[in-house]
Amino acid sequence: MTITRRTVLASTALAAAPLGAPVLAQTAAPAPAPAQGSGSRQAPGFYRYKVGDIEVTAINDGIAPRALEGFIRNAELSAVQQAAREAFLPQDTIQNTFNALVIRNGDRLTIVDTGNGDMGAPTTGRWMDNFRAAGFDPSQVNTVVISHFHGDHINGLRRKDGTAVFPNAEVMVPAAEWAFWMDDARMNQAPENARGGFQGARRVFGPIAKDVKQYEADKEIVPGLTSIAAPGHTPGHTAFMLSSGSGRLLILSDTANHPALFVRNPDWSAVFDMDADQARATRRRMLDMAASERAQVAFYHAPFPATGHIAKDGNGFRFVPVQWSPAV
């Protein structure tokens with residue numbers, strides 16, 4: 001090797017470096033963080049955004065896979081698979097996501113639906129951990145508003161052992177849902193395999209039946225939150241409009257399940273819809289309202305954080321997710 005002044009200076013600098021000091025490219029790169037494995041969890045599932053002056057936090061409760069075959073009652077499986085393929089989704093299963101909302105309006109904390117609690121699939125039950133990670137405590141909740149009585153919306157109110165989860169909260173439910181699911185005669189007339197919903201409602205609401213507040217449609221039920229009748233999925237299924245200043249958020253509840261299927265194809269009928277014809281009419285009405293008024297929307301079952309906008313697209317609609325923002 002040819003000795004030059006440059007090589008002498010470089011070697012001198014390296015020799016003079018203190019022990020343990022980094023030596024530019026001569027130092028080995030730090031070892032990468034170990035892989036977490038397929039069973040590890042993501043960061044806590046909460047996302048905040050503003051509707052006018054009201055702060056909304058979407059809280060994720062996990063997912064539950066369901067076979068795509070049989071999921072939509074009035075469409076050929078090949079058409080459903082094509083819709084899934086176009087959305088880059090699996091063609092054998094659909095991941096049913098669960099997302100409830102926490103609404104902070106001044107000092108008032110309201111929850112819209114409660115997740116599966118400890119009664120759902122093993123891949124659910126994340127809601128309380130994510131709720132606490134977002135900085136909330138169950139004792140702070142003033143009001144729990146229920147959209148309808150399916151278990152994935154009400155079971156988070158009461159643990160399997162019977163313990164109430166939100167000890168200081170008033171509970172508000174649609175009057176039409178209460179009239180249907182809490183009717184003993186209707187439960188007794190239902191087929192044996194259809195009584196689970198009636199029994200689940202009694203498990204959750206029975207201990208507090210005298211204190212549950214029933215609300216009607218088209219009423220402001222808490223400040224800024226107005227109920228909207230959205231029947232079909234269940235008899236008293238309810239959506240909501242959250243308003244503050246010029247901000248508006250249409251909370252669709254279960255009006256539409258996964259947007260890639262039911263926003264693109266609003267006339268499809270999910271296996272969960274109790275009155276398919278009514279559910280389809282409600283879905284079109286609600287999606288058209290969102291598109292026409294350019295209101296932001298929130299879904300219960302869309303991929304997290306389950307909020308965005310609806311655009312008209314031919315005979316159907318298109319879901320446009322919000323752009324993620326690091327600031328609320």
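Trainee: Is β10 largely enclosed by the rest of the structure or left open, and how many of its residues are buried?

Mentor: Start with the term. Buried means under 20% relative accessible area, exposed means over 50%, and partly exposed lies in between, with a 1.4 Å probe and protein chains only. In β10, 6 of the 7 residues are buried, so this strand is largely enclosed by the rest of the structure.

Trainee: What should I know about the model and its numbering?

Mentor: This is a predicted model, in which local features need pLDDT of at least 70 and side-chain atom pairs count only at pLDDT 80 or more, while totals for chains, interfaces and linings use all residues. Residues are numbered from 1 along each chain as its sequence is written, and side-chain values use heavy atoms, with hydrogens and water left out.

Trainee: How many helices and strands does the protein have?

Mentor: Helices (H or I, at least four residues) and strands (E, at least two) are DSSP runs, numbered from the N terminus. The protein has 9 helices and 14 strands. Of its 328 residues, 46% are buried.

Trainee: How do strands build a sheet?

Mentor: Strands of a sheet pair through backbone hydrogen bonds, either parallel or antiparallel. Two strands count as paired if DSSP finds at least two bridges between them. Here, 7 strands form an open sheet with mixed pairing, in the order β8-β9-β10-β11-β12-β13-β14.

Trainee: Which strands stand at the edges?

Mentor: β8 (220–222) and β14 (316–321) do. Each has a single partner strand, so one side of each is left without a neighbour in the sheet. Neighbouring strands of this sheet are turned by 35 degrees against each other on average, direction ignored.

Trainee: How does β10 pair with β9 and with β11?

Mentor: β10 covers residues 238–244 and pairs with β11 in the antiparallel sense over 5 bridges. Leu242 stands opposite Leu249 in β11. β9 and β10 also run antiparallel, joined by 5 bridges. There, Ser227 has Phe240 in β10 as its bridge partner.

Trainee: What lies between β10 and β11 in their hairpin?

Mentor: The hairpin has 2 residues between the strands, and Gly245 takes a positive phi near 60 degrees.

Trainee: Is Ser253 buried or exposed?

Mentor: Ser253 is found in β11 (residues 247–253). Ser253 is buried, with a relative accessible area of 3%. Now look at its contacts, which means heavy atoms within 4.5 Å. Not counting residues up to four places away in sequence, Ser253 touches Ser147, His237, Thr238, Ala239, Phe240, Ala298, Phe299 and Tyr300.

Trainee: How do contacts look across the whole protein?

Mentor: Take contacts between residues at least 6 apart in sequence: 68% of them join residues at least 24 apart.

Trainee: Which residues touch the most other members of the largest nonpolar core?

Mentor: A nonpolar core is a set of buried Ala, Val, Leu, Ile, Met, Phe, Trp, Tyr and Cys residues joined through side-chain atoms within 4.5 Å. The largest one has 35 residues, and Trp127, Phe131, Phe149, Phe166 and Phe205 touch the most other members. α7 gives the most to this core, with 4 residues. Phe205 touches, among others, Ile146, Phe149, Trp178 and Val212. Apart from this core lies another, of 31 residues, among them Met241, Ala270, Val297 and Ala306.

Trainee: How do I read a salt bridge?

Mentor: Side chains of opposite charge can pair when their charged atoms come close. The cut-off is a side-chain nitrogen of Lys or Arg within 4 Å of a carboxyl oxygen of Asp or Glu. A search of the whole structure finds 14 salt bridges. One of them joins Arg108 and Glu170, with the closest N and O atoms 3.0 Å apart. This pair links distant parts of the chain, 62 residues apart: Arg108 is in β4 and Glu170 in β6.

Trainee: Where do Asp288 and Lys312 sit?

Mentor: Their salt bridge has its closest N and O atoms 3.0 Å apart. Asp288 is in α9 (residues 276–293), and Lys312 is in β13 (residues 307–313). Asp288 is partly exposed at 31% relative accessibility, whereas Lys312 is exposed at 53%. Elsewhere, salt bridges that share partners join Arg48, Glu55 and Arg104 into one network.

How values were computed. Axes are lines fitted to C-alpha atoms, for helices over the stretch in contact, and angles run from 0 to 180 degrees between N-to-C directions.
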